[in-house]
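Reader: I have a sequence and a model to go through. Can we take the contacts, then the surface?

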Amino acid sequence: MNPKTGRAIGILLISAAILGWLLSLSSLAATWIIRPKLTEAVVSQVDMLTLTLEVTTKGLSVSQESLAAIVASLDTLQGTVQKTAGVVDGATPFIDSLADISAENLPKAIDGLRTSMETAQQGAKVIDDALRKVTSLPLIGDWLSNQGYNPTTPLDQGLNQVAEGINQLDDTFQGITDNLTNTRNSLQGVKDGINAMADDIGEVKNNLQETQDTLAAYQETTQSALDFLNRWSGRFPQLITFAAVFLSIVLVWIAVTQVGLFLQGRSYFSKEEKSGG
């Protein structure tokens with residue numbers, strides 16, 4: 001081998017060995033210099049994370065309790081609203097019955113009464129005419145007049161006035177029927193509105209229950225992380241020290257391997273010096 005080449009190889013090997021020693025020793029020193037600060041920083045971050053998880057877990061627990069109370073209140077409210085709708089719905093058949101009575105039964109009764117009144121009116125006219133003729137007879141008429149038959153309003157006219165009053169009942173019953181129908185329609189609208197309100201309350205309750213399930217899942221996750229940190233938070237300094245020791249062993253091993261490289265380079269350098277000499 002060319003003496004200059006052997007010497008150059010020797011110098012490169014020795015330089016590489018020295019550089020390896022410097023890097024190993026500086027890394028070893030840096031490892032143990034950084035270890036206390038790294039341990040302090042990790043412990044601080046772990047403590048802060050633990051505190052954050054504890055606060056979060058408690059907050060989630062309080063939120064779950066609040067949501068549970070709200071869901072229970074909404075459930076009660078929904079039941080009350082549904083019962084109210086049932087009461088309104090129960091009143092509808094009663095109003096329908098009243099409307100049927102005012103629209104059908106009472107008019108039929110009035111029609112029968114009107115027919116009877118017409119018959120009575122016709123009979124009253126006959127009786128009234130007969131009495132008037134009788135009262136016009138000498139002696140008998142005077143006696144009947146003394147007995148008090150001298151009506152201001154003839155019997156048939158009086159019955160006619162009653163019949164006219166009965167005829168006015170048709171409009172009255174129709175008004176009652178219209179009012180009851182409007183009331184029934186209003187009650188139907190009220191019932192529909194109450195049922196819609198109950199459905200809205202149920203939807204809100206379901207959404208809150210889904211939120212409650214989500215919070216429960218988050219709480220379980222944060223609690224698991226918190227349990228992990230509580231188990232391992234006291235061991236992090238030891239783990240960092242163990243890592244530092246392991247890294248130191250590796251660096252020392254690297255430094256030791258550089259000895260062979262240094263001796264090999266020195267061997268090349270020595271041989272070329274002897275050869276040159």
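Reader: How many salt bridges does a search of the whole structure find?
Author: This is a predicted model, where local features need pLDDT of at least 70, side-chain atom pairs count only at pLDDT 80 or more, and totals for chains, interfaces and linings use all residues. Residues are numbered from 1 along each chain as its sequence is written, and side-chain values use heavy atoms, leaving out hydrogens and water. A salt bridge is a side-chain nitrogen of Lys or Arg within 4 Å of a carboxyl oxygen of Asp or Glu. The search of the whole structure finds 1.

Reader: Which side chains meet in a salt bridge, at 3.0 Å from N to O?
Author: Side chains of opposite charge can pair when their charged atoms come close. Here the 3.0 Å contact, N to O, joins K205 and D75. The pair links distant parts of the chain, 130 residues apart: K205 in helix α3 (residues 155-232) and D75 in helix α1. Helices are DSSP runs (H or I, at least four residues), numbered from the N terminus.

Reader: Is K205 buried or exposed?
Author: Buried means under 20% relative accessible area, exposed over 50%, partly exposed in between (1.4 Å probe, protein chains only). K205 has a relative accessible area of 12%. So K205 is buried.

Reader: What about D75, buried or partly exposed?
Author: D75 has a relative accessible area of 43%. That makes D75 partly exposed.

Reader: What separates the C-alpha atoms of D100 and L180?
Author: D100 is in helix α1 (residues 3-135). D100 counts as partly exposed, because its relative accessibility is 41%. D100 and L180 lie 80 residues apart along the chain, and their C-alpha atoms are separated by 9.4 Å.

Technical notes. Helices (H or I, at least four residues) and strands (E, at least two) are DSSP runs, numbered from the N terminus.
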